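Thanks for coming. Please have a look at the picture first.

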Amino acid sequence: MSSKTLTRMDLSEAVFREVGLSRNESAQLVESVLAHMSDALVSGETVKISSFGTFSVRDKAARVGRNPKTGQEVPILPRRVLTFRPSHLMKDRVAAGNKG
Amino acid sequence: MIRSELIQKIADENPHLYQRDVERIVNTIFEEIIEAMSAGDRVELRGFGAFSVKKRDARTGRNPRTGESVAVEEKYVPFFKTGKLLRDRLNGK
């Protein structure tokens with residue numbers, strides 16, 4: 001496994017190559033896509049990208065947690081968490097690409 | 001929100017771009033993320049989250065209907081961890 005880490009820069013570079021806008025505008029478009037997805041999620045919407053996956057927001061109830069190091073009980077407040085469920089296509093491609 | 005609605009929002013903000021180019025832009029972003037993970041790479045988008053690949057070891061599974069054991073091979077699965085900024089925003093911080 002090569003194990004590189006891609007960042008926004010790599011995504012905007014891909015947009016730049018694919019569409020031929022300026023690098024600056026490509027970067028702004030990547031940013032807008034992430035911003036629109038984030039805003040929808042923050043407003044409680046599910047974001048469903050076909051053949052990619054589904055981001056959804058779940059409400060978690062309050063519970064009593066424990067500091068594993070000290071054993072001390074700490075209250076965990078109710079909170080909202082984001083879960084991502086990959087599409088079958090993504091799962092299949094990731095499984096195939098990393099095999100062997 | 002679905003893919004087409006996301007494309008529409010970006011198109012509305014960028015009236016100088018052709019709709020089909022906006023589609024290509026949005027599709028390229030998602031395609032690039034899948035390609036990276038297929039190559040075993042990570043994609044880290046600060047403030048939003050990080051996509052990575054996790055290994056699941058081989059195990060003996062069971063057919064829940066018949067109780068029969070089945071060998072499940074090791075496999076690699078996509079994983080997403082929410083970024084700190086988005087996690088905080090979800091909780092009104």
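I will take the sheets, then the hairpins, then the surface patch.

One thing before the details: this is a predicted model.

Start with chain A. Three of its strands make an open sheet in the order 2-3-6, and the pairing is antiparallel. At the edges sit strand 2, residues 47-49, and strand 6, residues 79-86, each of which pairs on one side only. On average, neighbouring strands in this sheet are turned by 20 degrees against each other, if direction is ignored. Strand 3 of chain A covers residues 53-60, and three bridges join it to strand 2, with the two running antiparallel. If you want a residue pair to find on the screen, V47(A) has F55(A) in strand 3 as its bridge partner.

Now the sheet that takes in both chains. What is the strand order there? The order is 1(A)-1(B)-2(B)-5(B), an open sheet of four strands with mixed pairing. The link between the chains is worth a look: strand 1 of chain A pairs with strand 1 of chain B, residues 42-45, in the parallel sense over two bridges. Within that pairing, L6(A) has V43(B) as its bridge partner.

Next, the hairpins. In chain A, strand 4, residues 63-66, and strand 5, residues 73-76, run antiparallel and are joined by four bridges. R63(A) stands opposite I76(A). Six residues lie between the two strands of this hairpin, and G71(A) in the turn has a positive phi of about 80 degrees.

Chain B has a hairpin made by strand 3 and strand 4, with six residues between them. The glycine to look for in that turn is G67(B), with a positive phi of about 80 degrees. Four bridges hold the antiparallel pairing of strand 3 with strand 4, the latter being residues 69-72. R62(B) has S69(B) in strand 4 as its bridge partner.

Last, the surface. Which residues form the positive patch? From chain A there are R85(A) and K91(A), and from chain B there are K54(B), R56(B), R59(B) and K75(B).

Technical notes:
Residues numbered from 1 in each chain as written. Chains lettered and ligands numbered in written order. Predicted model: local features only at pLDDT ≥ 70, side-chain atom pairs only at ≥ 80, totals over all residues. Heavy atoms only, no water. Patch = residues over 30% accessible without salt bridge, like charges linked within 9 Å, V, L, I, M, F, W, Y side chains within 5 Å. Areas by Shrake-Rupley, 256 points an atom, 1.4 Å probe, with all protein chains shown as cover. Salt bridge = Lys/Arg side-chain N within 4 Å of Asp/Glu carboxyl O. Lys, Arg positive; Asp, Glu negative; His and termini not counted. Charge placed at Lys NZ, Arg CZ, Asp CG, Glu CD. Pairing = 2+ DSSP bridges. Axes fitted to C-alpha atoms, helices over the stretch in contact; angles between N-to-C directions.
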